[in-house]
Amino acid sequence: MTASPFAVRDLGVTPYRDAWDLQKTLHAQVAAGDAPPTLLLVEHPPVLTLGRKAREGTNIIVTRDYLKAQGIEVLEVERGGDVTYHGPGQLVAYAIFPVGRRVADFLRLLEQATITALHDLGLEDARPNPGYAGVYVTERDVNGLTYDQKIASFGVAVQRHVALHGLALNVNANLQHFDLIVPCGLTQTHMTSVQREYDLRGLNRAASMQTAKDALTRAFHTTFAQYDWTLPTPAAAGS
């Protein structure tokens, strides 16, 4: 059997700050060639993170005092994108992978891996949405208006030619927590989850976090099977 080109670590439920620190440690090691590329799988206690487009937090629609009373921290992070929510029942995958200048291609691969996993989980309408980062299922009419249905969000940073952060897939998350924000600044979008889609489609299935982790891990192995794992040399990086 061929050895996997990347390691997979399941962190279980881990506070965001702890996982963030681990990401940065692994990132430095991967960038230096001292550790293999690594995929971290994790759930977080409730937290809001602000990407580079969200420094003012204008898409948080409740007060910071309310969030503090609910025990929900707000953190500014180095990934791209706007505000997003992480919490129990959401599978977060941090891909500490070499990228170089292939950032757009890397994002498409993250997207494809997520779509492949969702197809494996029985949601065969999972697809990208041109113009927006993320994975969606078929739009849905609500009170006469049509809303996109977003099931996974993406946000990465690339430093020293290596990515950190990654994707968040709603498995059986508390979707009411997304009402605290305008997710990713998209007003015509509703957040959905694997469990919600099972329920609305009458599938009589329970969305299992472990099943989702297994499906996403398989999808990463398939999607990144032909990936170029080499880090740019200093000369190539400057050319």
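User: Is aspartate 120 buried, partly exposed or exposed, and why does it count that way?

Analyst: Good place to start! This is a predicted model, and everything we say about it is computed from its atoms. Buried means under 20% relative accessible area and exposed means over 50%, with partly exposed in between. Aspartate 120 has 42% relative accessibility, so it counts as partly exposed.

User: Which residue does aspartate 120 form a salt bridge with?

Analyst: The general idea is that side chains of opposite charge can pair when their charged atoms come close. Here, the partner of aspartate 120 is arginine 218, and the closest N and O atoms are 2.5 Å apart. This pair links distant parts of the chain, since aspartate 120 sits in helix 3 and arginine 218 in helix 5, 98 residues apart. Arginine 218 is partly exposed too, with a relative accessible area of 45%.

User: How many salt bridges are there by this rule?

Analyst: The count comes to 8. One of them joins glutamate 73 to arginine 17, with 2.7 Å between the closest N and O atoms. Glutamate 73 belongs to strand 4 and arginine 17 to helix 1, so this pair ties together parts that are 56 residues apart in sequence.

User: What separates glutamate 111 and arginine 108 in helix 3?

Analyst: These two are 3 residues apart, which means about one helical turn lies between them. Their side chains meet in a salt bridge at 3.3 Å, N to O.

User: Now for the nonpolar residues. Which ones have the most contacts inside the largest nonpolar core?

Analyst: In soluble globular proteins, nonpolar side chains tend to be buried together. In this model the largest nonpolar core has 39 residues, and Phe97, Phe106, Leu118 and Phe220 have the most contacts inside it. Several elements each supply at least two residues of this core, among them strand 6 (90-96), helix 3 (103-120) and helix 5 (209-223).

User: What does leucine 118 touch, leaving out residues up to four places away in sequence?

Analyst: Leucine 118 touches Leu123, Ala126, Val135, Ile151, Leu169 and Val194.

Definitions and conventions. Residues are numbered from 1 along each chain as its sequence is written. This is a predicted model: local features need pLDDT of at least 70, side-chain atom pairs count only at pLDDT 80 or more; totals for chains, interfaces and linings use all residues. Side-chain values use heavy atoms; hydrogens and water are left out. A nonpolar core is a set of buried Ala, Val, Leu, Ile, Met, Phe, Trp, Tyr and Cys residues joined through side-chain atoms within 4.5 Å. Buried means under 20% relative accessible area, exposed over 50%, partly exposed in between (1.4 Å probe, protein chains only). Helices (H or I, at least four residues) and strands (E, at least two) are DSSP runs, numbered from the N terminus. Contact means heavy atoms within 4.5 Å. A salt bridge is a side-chain nitrogen of Lys or Arg within 4 Å of a carboxyl oxygen of Asp or Glu.
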